[in-house]
Amino acid sequence: KVKHSRLANEIDSEIGSLKVQGPLAKNKTIETCYNPIIMSGGSYSLKWSTESSDKLLHFGVIVTSLGARLENYCTNLTRTLMVEPSKNLEEAYEGLLATQAAVIEALKPGARLRDVYDSGVKTFQEKCPDIADKLHKKDFGFVTGIEFREGALLISPKCDEKVRAGMVFIVSAGVEGLTNAKAKDDAGKNVTIALSDTVLVKSDGRNEVLTERAKSRLKNSVIRFKEEEEDAKDSNKENTEDLGRGKRSVVLTDQTRNKATNEDKRKEHQKLLAQQLNDAARQRLAQASGASEAKKIKKSNVSYKTFDKFPVDTEINKLNIFVDKRHDTIILPIFGIPVPFHISMIKNCSQSVEGDFTYLRINFAHPGSQIGKETAQFPNPLATYLKELTYRASNVKEHGEAIAPSNNLTTAFRLIKEIQKRFRTEEAEEREKEGAVKQDKLILSQAKANPKLKDLFVRPNIIAKRISGALEAHINGFRYTSLRGDRIDVLYNNIKHAFFQPCDNEMIILLHFHLKHPVLWGKKKYKDIQFYTEVGEITTDLGKYHHMQDRDDVQSEQMEREMRRKLNQTFQNFCDKVVKQTNDQFDFDCPFSELGFLGVPHRSSCMLKPTSSCLVNLTEWPPFIVTLDEVELVHFERVSFQLKNFDMVFIFKDYNRKTQMVQQIPMSSLDGVKVKIPTPCPSFLTHALDNTLLVKEWLNTSDLRYTEGIQSLNWPKIMKTITDDPEEFFETGGWNFLGNDSDQEDEPEDESESEDAYTPSESESGEDESDEDESEGMQMILFAHEFSGQPL
């Protein structure tokens with residue numbers, strides 16, 4: 001127990017201390033603008049001149065206001081802490097947050113302060129119409145600076161002053177006279193909620209909230225206790241103890257019944273997901289049907305835009321084949337006229353020598369020339385196209401000629417090949433750049449205490465040589481700097497998933513970033529980048545003599561174990577600092593190693609591990625990452641008791657995207673693998689039955705529809721059928737065609753049919769039993785003699 005006034009005085013005395021402010025207190029003057037205000041227990045006031053009372057702190061709703069002055073410039077902060085609040089208080093708090101955000105958004109250069117005030121009142125009336133009359137409507141704050149409160153610049157209904165860039169406002173909002181329905185005494189029933197922040201007005205873009213690190217979200221301002229749940233658990237425990245041995249068996253019987261019906265519950269849930277899946281997909285495609293997909297048209301390359309650029313050369317006048325390297329053009333004589341063709345229109349060319357003549361055959365690109373390849377359409381497909389040309393020249397020199405006429409064909413053939421190679425290389429580079437985005441500029445942090453990791457390698461090999469470097473977190477992203485000085489920047493706003501995988505049972509410890517949009521580093525675009533450190537020995541000398549009690553081996557194992565622990569701790573501290581530095585806007589996801597299962601996503605078998613939002617494999621390269629939110633459904637292929645493995649196919653919500661397949665998954669992963677559930681564990685895995693991870697159970701608890709079948713399906717053909725006519729697909733049942741097979745497999749056969757099929761007679765059954773006994777006996781005799789080595 002502590003008094004409001006005593007707690008306020010302690011805060012006042014410590015606010016400028018070195019212990020609280022750190023290095024800032026050494027060179028700067030820090031003091032309070034006013035004595036801190038702490039209010040609770042039904043006695044509240046929204047005046048800035050209020051003083052903290054001598055009453056004891058009441059653990060209901062606590063309002064705290066703190067004003068500080070740094071180098072003579074003021075700032076202010078107000079927060080409300082609610083202990084076990086009622087629902088109406090939470091709604092009022094959310095409405096107050098929205099009101100404050102609307103006021104901050106309306107503070108734009110040129111706006112009148114009364115208009116800013118009106119936007120705040122309007123927002124609160126929309127969010128909380130029932131308590132609109134309880135809003136503190138005197139003002140929504142004021143301009144601050146050297147003076148704590150500028151009386152002429154209030155956010156009030158009577159102020160006509162305009163907002164200017166560079167102004168600093170204390171934006172405040174409050175609700176008075178609320179009632180806490182969960183209050184246990186009279187002192188906690190009357191409640192006031194207040195918020196205030198210091199805001200800097202920017203000339204363009206969003207205004208900067210200078211006090212945003214003091215979180216004001218509802219989950220950061222509410223305290224809840226779990227006493228009721230603990231009491232319920234204790235009472236259940238006592239009841240179980242009182243029931244005795246016989247009653248405990250009843251409890252176990254009921255538990256077994258519930259376990260037996262888990263499969264039925266999963267089937268019911270899957271049926272519900274199937275219905276929701278078709279409805280959601282039909283609605284999504286209906287919305288997307290309005291936007292027509294632009295077809296890719298082949299780039300039209302013009303050799304010479306004007307006649308002036310046409311080259312003048314003696315070879316052209318002689319009606320020889322001329323290769324213009326400058327404009328990537330081949331000028332061919334056709335019926336006595338030199339005709340230019342861009343190199344992109346030439347598909348291929350070949351040269352042959354037959355007797356005294358050399359032949360040069362040129363094949364041109366035209367609509368239909370590249371069937372089966374994903375090529376762009378021609379801009380004028382209905383125009384007349386030239387298919388091929390063949391030129392012939394003599395290898396025999398005439399009198400007075402320095403070279404044979406066929407030399408022109410040989411030279412043209414060589415130059416065409418060179419230009420084609422260069423042009424295709426340039427085209428490949430342009431295709432590589434398609435889809436890649438240019439990242440924003442990295443804002444470097446000048447602080448010396450930036451989170452930093454050293455001795456890291458990067459995958460893929462963006463840098464020419466395998467050189468280690470350091471990864472450092474800055475204001476809006478990461479920068480990796482190699483020992484040679486190469487730099488790689490990864491910005492927070494382009495990171496879709498960030499993973500941290502410890503080195504437990506792994507040979508590397510890594511940080512992996514899966515990007516939203518590909519980024520061009522060097523001449524290639526990448527969507528995944530990984531920073532890792534090798535742990536332990538990758539290779540072991542099997543010829544070296546090892547002994548179990550060898551002191552050197554034991555010591556090396558202990559050193560390796562300690563090194564792994566330190567590496568895990570170092571990487572974890574780096575991740576925690578980055579999360580804290582970004583104010584929880586950026587977070588790392590960690591794969592659950594205990595829940596992994598084997599599969600072949602690319603070429604080699606690897607361990608696939610689920611995370612809270614993905615299924616990943618980060619150790620092998622290329623990595624495998626599937627975001628569960630992007631998955632429409634999962635289909636199991638080759639599911640049969642006769643096979644040891646099955647395949648898993650991910651169908652994405654974007655039907656134009658290629659399906660992802662994981663092959664050779666052990667059948668035990670589908671039926672159940674005993675694993676230890678990690679602690680803490682995400683919500684989608686806490687319902688696993690008897691600590692048994694089922695792939696089906698994992699997908700079901702992740703709210704993903706799954707189906708299964710015996711056959712392997714032709715997915716490119718299926719997806720093409722769907723995208724060609726999606727309406728017809730969903731009118732005929734949609735994805736239910738996959739579920740029919742799995743439902744039929746799960747249904748038991750009709751008992752009457754199976755009984756009527758064959759009923760053996762007593763003699764036949766007796767003969768079968770005797771035959772079985774004789775065969776078993778013969779097998780035992782053969783086994784015994786084989787084991788003893790004696791002949792029969």
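Reply: Happy to! Let's look at strand S24, residues 606-610, where four of the five residues are buried, so the strand is mostly covered. Buried means under 20% relative accessible area, while exposed is over 50% and partly exposed lies in between (1.4 Å probe, protein chains only). Strands here are DSSP runs of E with at least two residues, and helices are runs of H or I with at least four, both numbered from the N terminus. A word on the source: this is a predicted model, in which local features need pLDDT of at least 70 and side-chain atom pairs count only at pLDDT 80 or more, whereas totals for chains, interfaces and linings use all residues. Residues are numbered from 1 along each chain as its sequence is written, and side-chain values use heavy atoms, leaving out hydrogens and water.

Now for the neighbours. Two strands pair if DSSP finds at least two bridges between them. On one side, S24 is joined by three bridges to strand S23 (residues 597-599), and the two run antiparallel. Within this pairing, Leu608 of S24 has Phe597 opposite. Six residues lie between S23 and S24, and the two strands form a hairpin.

S24 has another partner, strand S25 (residues 614-617), again antiparallel, with two bridges joining them. Here Pro610 has Leu615 in S25 as its bridge partner. These two strands also form a hairpin, with three residues between them.

As you look at the picture, keep one idea in mind: in a regular strand, side chains alternate between the two faces of the sheet.
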